[in-house]
Amino acid sequence: MTRLRLALSSILAFTLVAVVAYAGHDKDVQSSTAVPARAFEFTYQVHVPAVADSAGPTHLWIPLPQADSYQDVRSLHIDSPVWYAQGRDAEYGNHFAVFTPTKAQAATGFDVQLRFTAVRREHRVALNEAALTSLPGSPEPNLKRYLQPDNLVPLNGTIAELAKEHTAGDTTPIQKARHIYDYVVATMRYDKTGEGWGRGDAVWACTSKRGNCTDFHSLFIGMMRSSGIPARFEIGFPLPEGKTEGDIPGYHCWAEFYLSGIGWVPVDASEAWKNPAKRDFFFGAHDTNRIFFTYGRDIRLSPDQKSDPLNYFIYPYAETNGKPVKDLQTHFSFRDVSATQLTTESH
């Protein structure tokens, strides 16, 4: 079957901003005042195996990268023989493509390839005296949600007790945030051995004191919300530092917390653990070595999704007859590109 190759120059409500200048990986456009940035092409591949029982409908959801003030996404191509539509989840507004194969396509299996170019800029917030005495600002949409528990991130019991203990005496949100961050980085250990890690179970994380980025940031977010500070979960993929192309084995996640009058403040506790010299940097900054896809936990994608909400949404998810499809195969890769290549692709 002939594949449909769709070049999407504008997708959903993405704000695809033209790149005026960026630094880091392209010396031709680097300047003393430029914000560090990284330009790259990203490929996201999925193989859906043959479905033995395709009597009912099959749906495949794939997350799509989002553009914001720190990330431009352009030249998105989706290559698949299967018809698809675009949508957003109702709670967080995450973008996705949902594929609906025919019975014949589901019975034989099919492939999808997502490819796009992006520019990721450093997100860094100056946390100085202004932050300690932040002034009221415009209300941020969805802040109420970022003060509520998630299924695996309760805000009472052990989490609340830890938050209270490690913010005792603090009088400002920024002081509380820094003490919670320092506790997580000092107490947790990046360790993916055995079982239990990777689910973002905040109670498991604070008990086991180990895990991956999901566990680090679930504990951080739980303690922050217990302290009355909005915090949100973000997930995407890491871009290896010091490499210009290659495969990416899996996701990376991080967090942000909200200060009135300042806005969202970036945090990456697990990277701080891996890079002790950058512990201060990662409280208030996200570097360029990442690509952002989605927000939040406990995600229900659309009315067509019949099974439980997703713990988080970075990998593809499929259902047949309302039940999850197992053994989806994925492959992720990247290659750095130059400003010249981006300019050529945009025309």
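Q: How many salt bridges does a search of the whole structure find?
A: It turns up 17 salt bridges. Keep in mind that this is a predicted model.

Q: What makes Glu 41 and Arg 335 a salt bridge?
A: The cut-off is a Lys or Arg side-chain nitrogen within 4 Å of a carboxyl oxygen of Asp or Glu. The closest N and O atoms of Glu 41 and Arg 335 are 3.2 Å apart, so the pair counts. It also links distant parts of the chain: Glu 41 sits in strand E3 and Arg 335 in strand E18, 294 residues apart.

Q: What makes Glu 91 and Arg 145 a salt bridge, and where do they lie?
A: Their N to O distance is 2.7 Å, and the limit is 4 Å, so they qualify. Glu 91 is in the loop between strands E6 and E7, while Arg 145 is in the loop between helices H2 and H3, 54 residues apart. Against the 20% cut-off for buried, Arg 145 makes it with 10%, whereas Glu 91, with 37%, is partly exposed.

Q: Which residues are linked with Glu 91 and Arg 145 in a network of salt bridges?
A: Asp 150 and Arg 225 are linked with them in that network.

Q: How do you know that Arg 232 and Glu 256 tie together separate parts of the sequence?
A: Their side chains meet in a salt bridge, 2.7 Å from N to O. Arg 232 lies in strand E10 and Glu 256 in strand E12, so the pair ties together parts 24 residues apart in sequence. Both residues are buried.

Q: What lines the second largest pocket?
A: There are 18 lining residues, with Tyr 190, Lys 192, Pro 238, Gly 250 and Tyr 251 nearest its centre. By class, the lining has 10 nonpolar, 4 polar and 4 charged residues. The pocket's volume is about 290 Å³.

Definitions and conventions
Residues are numbered from 1 along each chain as its sequence is written. This is a predicted model: local features need pLDDT of at least 70, side-chain atom pairs count only at pLDDT 80 or more; totals for chains, interfaces and linings use all residues. Side-chain values use heavy atoms; hydrogens and water are left out. On a 1 Å grid over the protein atoms alone, a cavity is a set of points where a 1.4 Å probe fits but cannot get out, and a pocket is an open set with protein on both sides within 12 Å along at least five of seven lines; lining residues have an atom within 4 Å of a point. Grid points are joined across faces, edges and corners, and a volume is the space filled by probe spheres set on the points. Ala, Val, Leu, Ile, Met, Phe, Trp, Tyr, Cys and Pro count as nonpolar, Asp, Glu, Lys and Arg as charged, and the others, Gly among them, as polar. Helices (H or I, at least four residues) and strands (E, at least two) are DSSP runs, numbered from the N terminus. Buried means under 20% relative accessible area, exposed over 50%, partly exposed in between (1.4 Å probe, protein chains only).
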